[in-house]
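Subject: Handing over a structure, with notes

Dear colleague,

I am passing this structure on to you, and my notes follow directly below it. Please keep it open beside the text as you read.

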Amino acid sequence: MPIPYPPLQPDTAAGPARLVLQGISKAYPTVVANHDIGLVVRAGEIRAILGENGAGKSTLMKIIYGVTRPSSGRMFWEGEEVAVASPAHARSLGIGMVFQHFSLFETLTVVENVALALPGKPALDALARRIVEVSERYGLPVDPRRHIHALSVGERQRVEIIRCLLQDPRLLIMDEPTSVLTPQAVRKLFETLRRLADEGCSILYISHKLDEIRTLCHTATVLRGGKVTGECIPAQETPASMARLMIGKELPRCEHDARQAGSEVRLRLAGLSHAADDPFGTDLRDLHLDVHAGEIVGIAGVSGNGQQELLRVISGEAPLAEKFPVQICGVEAGRLSPGRRRRLGMAFVPEERLGRGAVPTMSLADNALLTAAHNQGMVAAGFLRFGRARAFARRCIDEFDVRCGGTAAAAKALSGGNLQKFIVGREILQAPRLLVCAQPTWGVDVGAAAFIRQRIIDLRNRGCAVLVISEELDELFEICDRIAVIAKGRLSPVRAARDTSIEDIGVWMSGLWPGAEHTAGAPLATETPHA
Amino acid sequence: MDASLFTSMLFATVVAGTPLIIVALGLLVNEKAGVLNLGAEGMMAMGAVAAFAVTHESGNPWLGVAAGMGAGMAMAALFGLLVLTLMANQVASGLALAIFGVGLAAFVGKPYEAVALQAVPPIRIPFIADLPLIGEALYNQQALVYFSWALFWGLLWFLHRSRAGLVLRAVGESPASAHAIGYPVIRIRYLAVLFGGAMAGIGGAFLSVFYTPMWAEGMVAGRGWIALALVVFATWRPLRVMVGAYLFGGVMVTQLFIQGSGLQIDFPSQLLSSLPYWATIVVLVAISRNGNTIRLNSPVSLGKPYRPEA
């Protein structure tokens with residue numbers, strides 16, 4: 001989403017060097033996460049650290065913040081050499097960090113969480129007032145008395161940012177901050193960050209999203225395989241040129257041609273309502289949706305708006321009391337078990353790869369057995385036919401380019417992207433009539449993500465119905481024929497992808513679609529509680 | 001029921017509940033830091049025998065209580081070494097500690113089996129001990145009874161008003177986050193484990209020096225396990241631990257009274273004896289059904305080992 005704001009030219013951003021890294025390396029027993037990294041961050045500069053998953057971005061930030069220590073290399077802070085011993089030390093220097101996986105305590109209140117990170121013993125009442133002050137100044141509204149578990153992901157991030165700001169940081173590290181935000185919330189975050197930079201705070205912005213970096217950052221350092229592969233001024237680059245630096249080759253694109261969906265309904269949600277099992281879950285309320293043969297339908301939404309519950313209901317993990325609300329390939333399947341639903345022709349790629357999609361300690365062949373046993377004839381007279389399981393796993397590995405140590409390799413030994421390719425392959429090679437997948441490319445590098453998307457599109461071209469639930473709008477717009485939004489457990493109308501835009505869907509993600517129920521005078525909710 | 005009977009039953013209830021309160025509140029701190037120590041029974045047994053031996057040799061019950069506390073802490077330190085430094089499984093280590101402590105206490109206590117101690121006189125609090133009905137029962141009690149109340153109030157303040165308590169809760173919820181913002185997770189957990197051991201030792205000392213001034217093998221009689229269960233059923237809230245402990249004590253005293261009174265009732269005595277256990281569980285489960293309360297109070301990382309990233 002282009003945001004009109006002229007990024008500073010390097011000469012106007014050239015304040016004094018605040019942080020300098022020289023030759024930083026970090027070796028873990030099996031991998032070298034960082035190798036000879038050099039970096040300069042100036043006062044008031046927003047510098048992007050760009051790289052794929054596993055490129056060493058997070059390790060580098062942990063070194064700067066004192067969570068881990070480098071194996072070698074030197075670090076200078078405002079002209080003086082320092083060895084950051086701990087996060088507390090980093091904070092005392094003026095370095096603040098907002099983590100990708102939030103480091104908040106769910107059972108504590110906002111003000112308690114902030115108090116834990118501050119030195120000394122601030123009185124909670126006075127601190128609550130300071131939180132309100134800071135939150136108003138930077139446009140980060142949050143109620144200091146609330147418990148974290150009752151906050152949305154966006155609100156949690158605000159708490160993290162406020163927690164950093166209260167320490168008057170001179171360097172703020174943001175680790176993939178937008179992965180959980182709506183486009184509108186991203187824009188607000190960027191306004192806050194720019195204001196901070198204008199006040200002289202330096203910002204290290206870690207991301208793999210090229211558009212964001214181009215709109216926000218003054219400068220960028222690109223990492224690949226733990227090494228610096230280039231520096232650039234994002235505003236003067238194209239996404240393609242930055243992607244080349246990041247992945248070392250051209251950004252792959254999916255081929256997605258418009259085509260007419262079949263008339264057969266493979267998945268129908270007919271007034272699906274379901275109360276969440278989890279006390280902080282989201283109740284599903286009166287969902288209607290048809291997915292036809294030969295089309296890909298996407299469901300967008302900020303996480304925690306009912307996606308988990310919807311997936312559990314569709315997959316059969318949470319069977320319903322009634323049959324009719326979930327219809328799979330024409331059969332009323334609301335009360336069927338996951339196995340029975342698979343036999344109707346449904347395949348399922350869950351969000352969590354380890355633990356749901358695959359058993360971490362079992363081999364790939366055994367994992368292939370788990371969902372493909374009946375479909376691929378791996379069971380005869382109650383006995384397993386391991387030869388067939390191995391052969392099928394071999395096919396998944398070959399056809400989906402899974403880099404691994406063979407069919408006997410344990411699932412947990414594979415990298416995230418490779419395991420995801422294996423799981424998607426296992427489901428697609430069963431030639432399903434309906435594929436349901438959640439976050440198919442979450443945490444997967446750009447190359448593997450494009451590969452997986454292309455395979456999903458190919459499957460649809462062969463006449464399969466596909467339902468994709470994802471938080472990545474770019475992904476949904478790339479592969480989907482039709483898109484709906486889930487917000488607060490309700491489903492928006494479904495729109496053809498080419499008749500809508502990321503901006504429109506972003507507004508819908510707040511629950512504001514035409515015909516949505518609103519209480520007059522209620523404040524405009526931008527996020528919903530998230531468990 | 002006449003007045004003196006009520007007073008004496010209330011007195012007995014408070015005495016029976018006191019060791020449970022002390023031990024359970026110690027375990028509560030222990031568990032709030034995210035460490036599950038199932039060895040309470042063993043720590044109590046060691047506390048009881050150490051307290052008895054030292055009291056017997058020195059003639060001073062307070063030296064005995066200090067020795068009981070020390071023995072409990074020594075056991076807890078052993079447990080801490082296993083699960084915090086060596087990252088052993090907490091459940092297995094705790095069970096081993098319980099068995100080891102009970103056995104070692106029986107071994108150490110052999111020479112003391114036939115001796116008795118002088119009963120320690122109660123401490124009478126002037127004026128309020130003269131209150132009708134409850135005065136004699138509540139304010140003419142052993143010092144450790146007053147200690148258990150002070151412990152309760154102190155713990156309430158510590159957990160919800162002090163910064164140290166906040167840090168403790170944070171460590172129990174998410175040690176990784178606590179480490180990331182710079183708290184010494186392992187040291188805090190050690191302190192919590194040692195506190196739990198100290199309280200278990202004092203609870204044991206109360207049994208062998210004050211409650212029944214004698215030592216017998218197996219005299220802890222499952223109270224360590226009850227205390228552990230109390231903490232869970234009370235959803236880690238000190239007030240409910242108090243309620244549960246006194247409820248247990250009260251039902252225990254009542255059923256003993258009924259069994260001893262010669263009342264002609266058609267009810268198997270075994271069922272009566274089991275009454276305190278299931279009555280406590282039923283009541284605590286009934287008052288703690290709210291999922292929200294459980295989510296807010298249970299330490300999320302309970303029982304999970306944590307090794308800080310180097």
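Helices (H or I, at least four residues) and strands (E, at least two) are DSSP runs numbered from the N terminus, while axes are lines fitted to C-alpha atoms, for helices over the stretch in contact, with angles running from 0 to 180 degrees between N-to-C directions. Two residues count as being in contact if their C-beta atoms, placed from the backbone, lie within 7 Å.

Before going further, please note that this is a predicted model, in which local features need pLDDT of at least 70 and side-chain atom pairs count only at pLDDT 80 or more, whereas totals for chains, interfaces and linings use all residues. Residues are numbered from 1 along each chain as its sequence is written, and chains are lettered from A and ligands numbered from 1 in the order in which they are written.

The domain assignment, whose bounds come from an automatic or database source, divides chain A into domain 1 (1-7 + 18-94 + 172-251), domain 2 (103-168) and domain 3 (253-345 + 432-531). The centres of domain 2 and domain 3 of chain A, taken over C-alpha atoms, are separated by 34 Å.

Two residues of chain A deserve a look at their backbone. Most residues other than glycine have a negative phi. A:Asp36, in strand S2 (residues 32-42) of chain A, has a positive phi of about 50 degrees although it is not a glycine, and A:Lys488, in the loop between strands S21 (482-487) and S22 (490-491) of chain A, likewise has a positive phi of about 50 degrees. A:Asp36 is partly exposed, because 14 other C-beta atoms lie within 10 Å, whereas A:Lys488 is buried, with 21; buried stands for 20 or more such atoms within 10 Å, exposed for 12 or fewer, and partly exposed for values in between, with C-beta atoms placed from the backbone.

Chain B has 13 helices and two strands. Its radius of gyration of 20 Å agrees with the value near 19 Å that a compact globule of 310 residues would have, the radius being taken over C-alpha atoms and the globule rule being 2.2 Å times the number of residues to the power 0.38. Buried residues make up 48% of chain B.

Where the chains touch, the contact takes 19 residues from chain A and 17 residues from chain B. On the side of chain A, helix H4 gives the most, with four residues.

Best wishes
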